[in-house]
Amino acid sequence: MTQRARTDYANWNETFMNLAICISKRSKDPNRQVGATIVNNNKIIGMGYNGFPNNCHDTVFPWCRINNENNENKYLYVVHAELNAILNSQNIPDGSILYTTLFPCNECCKAIIQKNIKTIYYLEIKEENDITEYAAKKMLDSANVKCIKLNVNTEINNKFDEEIVLCGDSIYINILFILFILCLILNFI
Ligand SMILES: [Zn+2]
């Protein structure tokens with residue numbers, strides 16, 4: 001008897017975001033584990049997670065956010081997942097896609113743009129609305145990098161739904177335009 005092909009197999013977004021989640025589990029950061037995967041033509045170009053540079057050991061460098069005693073903290077030393085993914089890649093073809101579990105900071109955005117990565121899929125954003133988040137979005141928008149949030153579908157574990165486009169994509173503008181038209185219609189009623 002011929003068996004039929006599975007229909008509930010992982011799509012590409014689910015596959016590469018799950019790989020980003022998987023590599024994030026390598027992080028030794030006790031507070032936040034971030035993973036990133038760079039993809040081109042559905043082939044993995046590179047992966048990374050947040051950690052200290054090579055030969056900078058966790059026994060010497062601090063994972064704390066603030067240490068008032070000696071003014072040491074992890075922010076001085078840690079390499080972010082997105083930058084590590086870029087640095088771990090041999091060659092990143094133009095127009096590659098980045099999957100990251102956390103929306104990239106402004107510093108990683110500079111490297112992402114310089115490598116001509118044109119699409120970012122992310123799972124969550126800090127929503128701190130601070131100057132670094134503002135700078136990151138401003139640069140991505142200016143460089144026409146499409147940013148798409150994936151939502152975890154809670155009914156099926158590790159399945160994702162596309163939700164919104166943050167910047168660099170006309171769909172977002174179209175949604176605003178439709179809302180504008182709806183407001184006009186409601187006013188007429
Ligand atoms: Zn970063």
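Me: Leaving aside its neighbours within four places in sequence, which residues is Glu124 in contact with?
Reply: This is a predicted model, and in it Glu124 is in contact with Thr101 and Leu102 once the neighbours within four places in sequence are left aside. Two residues are in contact if their C-beta atoms lie within 7 Å, and both of these residues meet that condition with Glu124. Glu124 itself lies in strand S4.

Me: Why is Glu124 called partly exposed?
Reply: Glu124 has 14 other C-beta atoms within 10 Å. A residue is buried if that count is 20 or more, exposed if it is 12 or fewer, and partly exposed in between, so Glu124, with its 14, is partly exposed.

Me: How do you know whether Lys137 is buried or partly exposed?
Reply: Lys137, which lies in helix H4, has 19 other C-beta atoms within 10 Å. Because a buried residue needs 20 or more, Lys137 counts as partly exposed. The C-alpha atoms of Lys137 and Cys147, which are 10 residues apart along the chain, are separated by 9.2 Å.

Me: What is said of the phi of Asn42 and of Asn116, and where does each residue lie?
Reply: Asn42 has a positive phi of about 60° although it is not a glycine, and its place is in the loop between S1 and S2. Asn116, found in the loop between H3 and S4, likewise has a positive phi, near 60°, and is a residue other than glycine.

Me: What makes Asn42 exposed and Asn116 partly exposed?
Reply: Asn42 has 9 other C-beta atoms within 10 Å, and since 12 or fewer counts as exposed, Asn42 is exposed. Asn116 has 13 C-beta neighbours inside 10 Å, a value that falls between the cut-offs of 12 and 20, so Asn116 counts as partly exposed.

Me: How do you know that the buried residues of H3 line one face of the helix?
Reply: In H3, the residues Cys108, Cys109 and Ile112 are buried. Seen down the axis of H3, its buried residues fall within an arc of 105°, and so they line one face of the helix. What covers the buried residues of H3 includes H2, S3 and H4.

Me: Why is H3 called roughly parallel to H4?
Reply: The axes of H3 and H4 come within 8 Å and cross at roughly 15°. Angles under 35 degrees count as roughly parallel, which means that H3 is roughly parallel to H4. The crossing of the two helices is left-handed, and the residues that meet include Cys109 in H3 and Ala135 in H4.

Me: What makes up the largest nonpolar core, and which residues have the most contacts inside it?
Reply: The largest nonpolar core has 32 residues, and those with the most contacts inside it are Ala36, Leu98, Tyr99 and Tyr122. Among the elements that give two or more residues to this core are helix H1 (12-24), strand S3 (97-102) and helix H4 (131-142). Leaving aside its neighbours within four places in sequence, Leu98 is in contact with residues including Ala36, Ile38 and Ile112.

Note on methods
Residues are numbered from 1 along each chain as its sequence is written. This is a predicted model: local features need pLDDT of at least 70, side-chain atom pairs count only at pLDDT 80 or more; totals for chains, interfaces and linings use all residues. A nonpolar core is a set of buried Ala, Val, Leu, Ile, Met, Phe, Trp, Tyr and Cys residues joined through C-beta atoms within 7 Å. Helices (H or I, at least four residues) and strands (E, at least two) are DSSP runs, numbered from the N terminus. The arc is that of the directions from the helix axis to the C-beta atoms. Axes are lines fitted to C-alpha atoms, for helices over the stretch in contact, and angles run from 0 to 180 degrees between N-to-C directions. Angles under 35 degrees count as roughly parallel, over 145 as roughly antiparallel, 65 to 115 as roughly perpendicular and the rest as oblique. A crossing is left-handed if the near helix is turned anticlockwise from the far one by less than a right angle, and right-handed if clockwise.
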